Amino acid sequence: MTLKRILFVFTIFCIAALCFFKMNMNYNRLSRYSYELTETQQKLILEKLNDNEIEYLIEHSIAPEEYIDFMPYKNFNIYRASSYKAFKNQFIYFSDAQAVNMIEKTLNRYSFEEVIQIMSIYTYEAFDYYLDHGDEYVKEAALIYDPTLLSTQINNETTLSKYFPFSLVNLETVPVLNDKEEVLVDERVVNALQLMCDAIVQDGISKSKCGRLVVTKGYVSYDDQVQLYKEAIAEYGKNDASFYVDIPGHSEHQLGLAIDLAVYGMKNQNFSITSQFIWLNENAHRFGFTLTYPPLKEDVTGKFGQEQHWRYVGVDLATKLFNENITLAEYKHE
């Protein structure tokens, strides 16, 4: 009798276990989810999410359109789906994969608001490159959030990385050294430079166009600056190169707001002793330009004096710098 009872209990146990196993096999973890899903969507969710993550979906009643398009991509995290969606809403031209990648890479490094600010100015590729590599020349340099500001200061503590200004235009009405090559500048520079050219003629420095001033350099890309810096290292050595030539990512020319000037036909003459330079020194601020690297200020700017290098900062700031006899490097943001 005891043996029969044991066999009976064992049989019941086996049947119960089998039933439980079959029920478990047929159990749909999404059965309590309040949204209708296609078979493909169900399969994707079940493959990508664990029980806790599915429970999160159910408890918060998150609609499939809020996360489903992002799920196939590397490093997807259901808890940050709202950030992916918000990023994509801000930048509809970026792919779903790019949205996931950017949110995950900037996690614990930038706030969401900072990411939106940076991405409204930098290309995706430029910011992504910085996130992966940082500044390859000055490791501790921090990214400049908004290089479009006229007051932007560039030094060894800040970097543009591979920033590309969206507002570049070709100088067409102002003389350039080689009229067969484009000289690009920020569009805000053009009118100011034209007014300055007209004024130097009106003041009698020379009757020639722009008082014989020519633009020899405008915008310089990050990659072009890499080559210039390599040449400087070869000429001056690694320790002194940055005193004479900007480190890539640390050049005002990359902003599109800086121009180099020369006097036409006087290539080998010291620009600082020309009547054009003397006029610029006294008047350029009236048109928004400042001499970033004046001679005898090397200890402040960290750069060899560059009389040919003029930076557009707008009339108000240029006038302030002129009146206080300070460089942009010495200016403190108010």
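In which strand is Asp 186 found? The views below are taken from a predicted model, in which local features need pLDDT of at least 70 and side-chain atom pairs count only at pLDDT 80 or more, while totals for chains, interfaces and linings use all residues. Residues are numbered from 1 along each chain as its sequence is written, and side-chain values use heavy atoms, with hydrogens and water left out.

View 1. Asp 186 is found in β4, residues 184-186, where strands are DSSP runs of E with at least two residues and helices are runs of H or I with at least four, numbered from the N terminus. Asp 186 counts as buried because its relative accessibility is 3% (buried means under 20% relative accessible area, exposed over 50% and partly exposed in between, with a 1.4 Å probe and protein chains only). Leaving out residues up to four places away in sequence, Asp 186 touches Ser 167, Leu 168, Leu 255, Gly 256 and Leu 257, contact being heavy atoms within 4.5 Å.

**View 2. Phe 304 in the loop between α12 and β8.** Phe 304 lies in the loop that runs between α12 (298-301) and β8 (309-312), and with 40% relative accessibility it counts as partly exposed. Although Phe 304 and Tyr 244 are 60 residues apart along the chain, their C-alpha atoms are separated by 5.6 Å. When residues up to four places away in sequence are not counted, Phe 304 touches Phe 243, Tyr 244, Tyr 293 and Glu 298.

**View 3. The largest nonpolar core.** A nonpolar core is a set of buried Ala, Val, Leu, Ile, Met, Phe, Trp, Tyr and Cys residues joined through side-chain atoms within 4.5 Å. The largest one has 72 residues, of which Ile 45, Tyr 67, Phe 87, Tyr 122, Phe 127, Phe 289 and Trp 310 touch the most other members. Helix α8 (residues 187-202) gives the most to this core, with seven residues. Apart from neighbours within four places in sequence, Phe 127 is in contact with Met 102, Thr 106, Tyr 110, Ile 118, Met 119, Tyr 122 and Leu 143.

**View 4. Packing of helices α4 and α5.** Helix α4 (residues 81-90) packs against helix α5 (residues 96-106) at an angle of about 120 degrees, and their axes are 9 Å apart. In this pairing Ser 83, Tyr 84, Phe 87 and Lys 88 of α4 meet Asp 96, Ala 99, Val 100, Met 102, Ile 103 and Glu 104 of α5.

Definitions and conventions. Axes fitted to C-alpha atoms, helices over the stretch in contact; angles between N-to-C directions.
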